[in-house]
Amino acid sequence: MLIRKAGAADAPAIAAIILPVIRDGTTYALDRDMSDADALAYWMAPDRETFVAEEDGQILGTYYIRPNQAGGGRHVCNCGYMTSAAATGRGIAGRMCGHSIDHARARGYRAMQFNFVVSTNVRAIRLWQRMGFAVVGRLPGAFRHPDAGFVDALVMYQALSQEPDGNG
C-alpha cells in the first residue's frame with residue numbers, strides 16, 4: 001500500500017470516501033447536509049496537508065494533518081481519517097495513523113491531538129489507543145448521534161517528542 005500526498009486529481013476518489021461518512025453523521029461533527037463541494041473543500045483546505053492510501057490503483061482511505069491551534073499551539077497537530085467501506089477491517093486506518101505520526105515528527109510537531117472522538121466510535125478509540133493515544137478529556141453529551149442521542153466526545157493525545165519543553 002502506498003500513502004501519498006493527495007492532488008487535485010484525487011478529489012473524486014476522496015469525495016467518494018468522505019461524503020458517505022459525513023452523510024452518516026455518526027463519527028464526525030460535520031453538518032450532514034453540507035454540500036459536496038463544501039465537504040471536499042473542508043477535507044482539502046489550504047491549512048492542511050491531505051494524503052491518500054492507495055492500493056492497486058484504488059484509493060482506500062484519506063487523512064489530513066494540520067496544526068491543531070495557531071500561534072503558541074502550532075507545535076501540536078490534529079488529524080482526521082476516513083476509509084472507504086471496502087477498506088473496513090483491512091488495517092488501512094492504522095497504516096494511515098502510523099504514516100501521520102511519522103510525518104508529524106518529520107514536520108517537527110511535538111504532539112498529536114484528536115479533539116473530538118465520538119465515544120460510540122469504539123473501533124476508532126481502540127485503534128487510537130493501540131497507536132499510543134491516551135484519553136485526556138471527556139466532553140459529556142457533546143455529540144448528538146443520529147441514533148444514540150447525546151453521547152460523549154473524547155479528547156485523545158500522544159506526545160511525539162521527548163525533548164524538554166523549556167518550561168522548567
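## Close-up views of a predicted model

**View 1. F114 is a buried residue.** At 4% relative accessibility, F114 falls under the 20% limit, so F114 counts as buried. The model shown here is predicted.

**View 2. F114 and F133 form a stacked pair.** Eleven aromatic pairs are counted in the model. In one of them, the ring centres of F114 and F133 lie 4.3 Å apart; their planes meet at 25 degrees, so the pair is stacked. The two residues stand 19 residues apart and link distant parts of the chain. F114 sits in strand β5 (residues 111-118), and F133 in the loop between α4 (122-130) and β6 (134-145). F133 is buried too, with a relative accessible area of 4%. Both F114 and F133 belong to one aromatic cluster with F51, Y63, Y81 and W128.

**View 3. The largest nonpolar core holds 27 residues.** I65, Y81, M112, F114, W128, F133 and M156 touch the most other members. Elements that give two or more residues include β2 (49-55), β3 (58-67), β4 (76-83) and β7 (149-159). The most comes from α3, with five residues. In soluble globular proteins, nonpolar side chains tend to be buried together.

**View 4. M156 has contacts from elsewhere in the sequence.** Neighbours within four places in sequence are left aside here. Among the residues in contact with M156 are M112, F114, W128 and F133. Others include Q113, Q129 and V135.

**View 5. A second core is separate.** This core has 18 residues, including I17, Y28, A39 and L40.

**View 6. R48 lies over the rings of Y42 and Y64.** The charged end of R48 is 4.7 Å from the ring centre of Y42. For Y64, the distance to the ring centre is 4.3 Å.

Note on methods: Residues are numbered from 1 along each chain as its sequence is written. This is a predicted model: local features need pLDDT of at least 70, side-chain atom pairs count only at pLDDT 80 or more; totals for chains, interfaces and linings use all residues. Side-chain values use heavy atoms; hydrogens and water are left out. Rings of Phe, Tyr and Trp (its six-membered ring) pair if their centres lie within 6.5 Å; planes under 30 degrees apart count as stacked, over 60 as edge-to-face and the rest as tilted. Helices (H or I, at least four residues) and strands (E, at least two) are DSSP runs, numbered from the N terminus. Buried means under 20% relative accessible area, exposed over 50%, partly exposed in between (1.4 Å probe, protein chains only). A charge sits over a ring if NZ of Lys or CZ of Arg is within 6 Å of the ring centre and within 35 degrees of the ring normal. A nonpolar core is a set of buried Ala, Val, Leu, Ile, Met, Phe, Trp, Tyr and Cys residues joined through side-chain atoms within 4.5 Å. Contact means heavy atoms within 4.5 Å.
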